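Let's go through a few spots in this one together. Have the sequence and the model open, and try each question before reading on.

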Amino acid sequence: MSKQNGFHVVTPLIESTGMSKRIGTTVYLKMESSQPTGSFKIRGIGYMCQNVASSNKSKGVICSSGGNAGMATAYAARKLKLPVTIVLPSSTPQLVVQKLKDQGATVKVKGKVWDDANAEALRLAQSEGLTVIHPFNHPLVWKGHSSIVRELKASLPSKPGAIVVSVGGGGLFCGIMEGLDEVGWGDVPVLCMETVGADCLNVARKAGELVTLPDITSEATCLGAKTACQQAFEYSKRPSVISEVVTDLQALEAVELFLDEERVLVELACGASLAAVYSGVIQRLQEEGRLPKPLDSLVMIVCGGSSVNLAQLQHLQAVIRK
């Protein structure tokens, strides 16, 4: 257990022979899917919840989340004995609703996408005096997530050639960037992966300013923030940051291949980053001269996901392949 946050575990760093063979360099998997709540979110959200609890001023916490952030908030709040309310968009799988209730959370459903649920959470926080735990846009959340990089530094033989990460609202990406600066790895290329229809960071980069997507049309609902956080946009301007987009089908195929090769089932949102290897994005970036060839080791942040099971995978297969 980390001293910084009593809720997350130091996750395994595994060499993937299948992925390494595909791109001709050593690929390491940072298995955030092994966290007690199924995803990396417990790092930052656990850290923020601890800060709220230690202030003794809160009547409870509230989080708007279609899954992983809600799970992390509910888990940390239960451990800290804090009352917790989770507001979900209607697109959230029933499986997640049940898991949240099992953690003792009060669950409310509002609107179609995360942005609607977030507006409701802010309203309830105001009227009921609750502390908002933002799923991705808070310095304490980024600080908690930055612990991933310290773990990488402690277990990798040398500085990685690049790090691949899925981006939704940008909380994990901000934590990775903060961690890289902290350990003196600020020049390591970071590849931000999104799916078409949930690509708020990629669109913002092209526009040169933050952009709000009209709607989330990707099935990767956990990437479903219509606007990236400002800090993620600022980090994305660095020359070391590359932003790429894959289709839902490419992300789904990556989830299936990963399940076959590594025997681990992850969400479609996580499939977006895995697709960087499985659908040839890394190789293309090397050919374009945007990533070095040969590349030193590649680190994939396997962000995991609590809202996936066999039934959910079959549902995605039916919807995406129709």
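Q: Are Phe 173 and Tyr 235 buried or exposed?
A: This is a predicted model, so the call rests on computed accessibility. A residue goes down as buried when its relative accessible area is under 20%. Phe 173 and Tyr 235 both come out as buried.

Q: Is the pair of Trp 114 and Phe 136 stacked, edge-to-face or tilted?
A: The ring centres of Trp 114 and Phe 136 sit 5.2 Å apart, with the planes at 50°. Stacked needs under 30 degrees and edge-to-face needs over 60. The angle of 50° therefore makes this pair tilted.

Q: How many residues apart in sequence are the parts that Trp 114 and Phe 136 tie together?
A: Trp 114 belongs to helix α5, residues 114-128. Phe 136 is in the loop between β6 and α6, so the parts tied together are apart in sequence by 22 residues.

Q: What is the relative accessibility of Phe 136?
A: Trp 114, its ring partner, is buried at 12%. Phe 136 also counts as buried, and its value is 7%.

Q: Is the pair of Phe 173 and Tyr 235 stacked, tilted or edge-to-face?
A: Their ring centres are 6.2 Å apart and the planes meet at 75°. Anything over 60 degrees goes in one class, so this pair is edge-to-face.

Q: Which helix holds Tyr 235?
A: Phe 173 lies in helix α8, residues 171-182. The pair ties together parts 62 residues apart in sequence, and Tyr 235 lies in helix α10.

Technical notes
Residues are numbered from 1 along each chain as its sequence is written. This is a predicted model: local features need pLDDT of at least 70, side-chain atom pairs count only at pLDDT 80 or more; totals for chains, interfaces and linings use all residues. Side-chain values use heavy atoms; hydrogens and water are left out. Rings of Phe, Tyr and Trp (its six-membered ring) pair if their centres lie within 6.5 Å; planes under 30 degrees apart count as stacked, over 60 as edge-to-face and the rest as tilted. Helices (H or I, at least four residues) and strands (E, at least two) are DSSP runs, numbered from the N terminus. Buried means under 20% relative accessible area, exposed over 50%, partly exposed in between (1.4 Å probe, protein chains only).
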